[in-house]
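Please keep the sequence and the model at hand while reading.

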Amino acid sequence: MKTIIFDAFGTLIKVTNGGSARSIMKNITDCGIIIDEKAFLEEWKSYYKNHTLDDCEFMPERDIFIARIQMFYDRYGVSRNAENDADSILVGAFEREAYPEVKTVLGELMKNYQVFIGSNTDNDVLESVMQKNSITVHKVYTSENLKCYKPASRFFTQILDDNSYLPQEVLFVGDSITDDVLGPKAVGIKTVWLDRNGIGGNHGQDYTITDLNALIKDVLR
């Protein structure tokens, strides 16, 4: 094993699921409009998914976010500036905190392995969060600089090709079954599913851990 690639958000960096969608939904309901919350959240997720498919024209996450907000504002006749609202929410993304074990684990791994980040995100968000949390790795790959999103196979093959690696020389670590297990497994990369909530289950992952310390103690020992 030469290299370990980590997903960023949900793996190294804490996230709050659904917060952005609920903020936009509140902007709409504050206008006296009644919304089916379940249907709204499902469409919110599906809009992102449909715009990050491998056969779609690439859009940075910020542009997808603005377009998604504008779609809902137009539908419900809400007169707000989607770009301003997007940027006010994205400010929180720049302030996200790393999980407590991250710096120590990455530091230990970098003594013996090449350590990369492979994340579905825009460059400026990830760079800011890494700087805020003093996170250092050897290389960083984002959807913005690869011009595609996980779980597309080319997200992973571009990283392999860029470093002249064989799939068996790489281990991918992440919290998403679709993006961080099924994606890399499709090109032959071994995977570690980070199951912080203890959900359990066999999803095709090679290893399962509940925190990053276990990567050193149990997987790479």
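Does Ser164 count as buried or exposed? At 64% relative accessibility, Ser164 counts as exposed, where exposed means over 50% relative accessible area, buried under 20% and partly exposed in between (1.4 Å probe, protein chains only). This is a predicted model, in which local features need pLDDT of at least 70 and side-chain atom pairs count only at pLDDT 80 or more, while totals for chains, interfaces and linings use all residues. Residues are numbered from 1 along each chain as its sequence is written, and side-chain values use heavy atoms, with hydrogens and water left out.

**Nonpolar cores**

- The largest nonpolar core has 32 residues, of which Ile4, Phe6, Leu109, Leu212 and Leu215 touch the most other members; such a core is a set of buried Ala, Val, Leu, Ile, Met, Phe, Trp, Tyr and Cys residues joined through side-chain atoms within 4.5 Å.
- At least two residues of this core come from each of β1 (3-6), α5 (102-109), β2 (114-119), α6 (123-132), β4 (170-174), β5 (190-194) and α10 (213-219); helices (H or I, at least four residues) and strands (E, at least two) are DSSP runs, numbered from the N terminus.
- Another core, of 18 residues, lies apart from it and has Ile24, Ile28, Phe72 and Ala86 among its members.
- Beyond its neighbours within four places in sequence, Leu215 is in contact with Ile4, Phe6, Leu109, Leu171, Val173, Val192, Ile209 and Leu220, contact meaning heavy atoms within 4.5 Å.

- In α6, the buried residues are Val125, Leu126, Val129 and Met130.
- They lie on the same side of α6 because they cover an arc of only 125° around the axis; the arc is that of the directions from the helix axis to the C-beta atoms.
- Exposed Glu127 and Gln131 sit on the face of α6 turned away from its buried side, and the cover over the buried residues of α6 includes α4 (82-93), β2 and β3 (139-142).
- In α1, the buried residues are Ala21, Ile24, Met25, Asn27 and Ile28.
- Their arc around the axis is only 155°, so they are on the same side of α1.
- The buried residues of α1 are covered by elements including α2 (37-50), α3 (61-76) and α4.
- Thr29 belongs to α1 (residues 19-29) and is partly exposed, at 33% relative accessible area.
- Between Thr29 and Tyr76 there are 9.6 Å in space, C-alpha to C-alpha, although they are 47 residues apart in sequence.

- Thr191 is in strand β5 and is buried, with a relative accessible area of 0%.
- Leaving aside neighbours within four places in sequence, the contacts of Thr191 include Leu171, Phe172, Asp180, Val181 and Tyr207.

**Loops and backbone**

- Ser164, in the loop between α8 and β4, has a positive phi near 55° and is a residue other than glycine.
- Ser134 also is not a glycine and has a positive phi of about 55°; Ser134 lies in the loop between α6 and β3 and is partly exposed at 45% relative accessibility.
- Lys150 and Pro151 are joined by a cis peptide bond with omega about 10°, and Pro151 is in the loop between α7 (143-146) and α8 (153-163).
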